[in-house]
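Let's take a walk through a protein together. Have the sequence and the 3D view open, and we'll begin with the ligand and its surroundings.

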Amino acid sequence: MASYLQIADDEKGYNLDLFCVPRHYEKDLDKVIIPHGLIMDRTERLARDIVRDMGAHHIVALCVLKGGYKFFADLLDYIKTLNQNNDKSVPLTVDFIRVKSYCNDKSTNNVKVIGGDDLSSLSGKDIVETGRTMQTLLSLLSESRPKMVKVVSLLVKRTPRSSGYRPDYIGFEVPDAFLVGYALDYNEYFRDLSHICILNDEAKEKYRV
Ligand code: IMP
Ligand code: MG
């Protein structure tokens, strides 16, 4: 079982005034739940675990857009740093796929997949809630018969809606709240926020489509 950093349900988080948050989002957020620095520290360790487990296998790193782009870029930067400073290194190529299933803060039950032309052995993802997006993607990837597929997700949500699916590598397990920032969006807003934050109810109305 993958180990992860657990954020408790009663986690108080951090007051917004203690961190730098874009002015245009100040009124929309309740609190910072995972500061950017902590995301980076945990990602650095995930990179080390992945390099250790991959041996000399060639990795095709597949980024699941759009929400996974920050995590993917930072994870690969850490893997690159390990590669250039170690006797052992893993060859890397990259590919990108785009999936969409959410409207407002709810899944639409319809996972759309766009793009991606290569086989994957390592998928970098933002968040697993029910697990439906990842399960759809995995069945699609299996049609290309890759040697091995490993899924890395920065976040997994503790929710009764979960299908039971668990990624191979997990950054944090988070409470059942709608999170934004670090490329996670609410109707395309908040990707331009560094920290992972909890959205307040007024903002859910303000940006609703
Ligand atoms: P699942 O298919 O239910 O596992 O949902 C995964 C996808 O839903 C993610 O890739 C996100 O796009 C979106 N999602 C789920 N929970 C959140 C959240 O708290 N904030 C932002 N997006 C979320
Ligand atoms: Mg989204």
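Start at ligand 1: it has 16 residues around it, and the closest are Lys125, Thr130, Gly131, Thr133 and Leu179. A residue makes this list if one of its heavy atoms lies within 4 Å of the molecule. Before going further, know that you're looking at a predicted model, where local features need pLDDT of at least 70, side-chain atom pairs count only at pLDDT 80 or more, and totals for chains, interfaces and linings use all residues. Residues are numbered from 1 along each chain as its sequence is written, chains are lettered from A and ligands numbered from 1 in the order in which they are written, and side-chain values use heavy atoms, with hydrogens and water left out.

What kinds of residues make up the shell around ligand 1? There are 7 nonpolar, 3 polar and 6 charged ones. Here Ala, Val, Leu, Ile, Met, Phe, Trp, Tyr, Cys and Pro count as nonpolar, Asp, Glu, Lys and Arg as charged, and the others, Gly among them, as polar. β6 (122-128) and α3 (132-142) each supply at least two residues of that shell, and β6 gives the most, with 4 residues. These labels are DSSP runs numbered from the N terminus: helices are H or I with at least four residues, strands are E with at least two.

Now zoom in on the polar contacts, meaning pairs of N or O atoms within 3.5 Å. A polar side-chain atom of Thr133 is 2.5 Å from an oxygen atom of ligand 1. Taken alone, ligand 1 exposes 490 Å², and the protein buries 93% of that (areas by the Shrake-Rupley method with a 1.4 Å probe).

Next, find the open sheet of 3 strands, ordered β2-β10-β9 with antiparallel pairing; strands pair if DSSP finds at least two bridges between them. β2 (29-34) and β9 (179-180) are at the edges with a single partner strand each, so one side of each has no neighbour in the sheet. β2 is joined to β10 (residues 196-199) by 4 bridges, and Leu29 has Leu199 as its bridge partner in β10.

A cis peptide bond, with omega about -5°, joins Leu65 and Lys66; Lys66 is in the loop between β3 (59-65) and α2 (69-85). Arg145 isn't a glycine, yet has a positive phi of about 50°, and sits in the loop between α3 and β7 (150-157).

Note on methods: A polar contact is a pair of N or O atoms within 3.5 Å; within protein, one must be able to donate a hydrogen and the other to accept it, and residues adjacent in sequence count only if both atoms are side-chain atoms.
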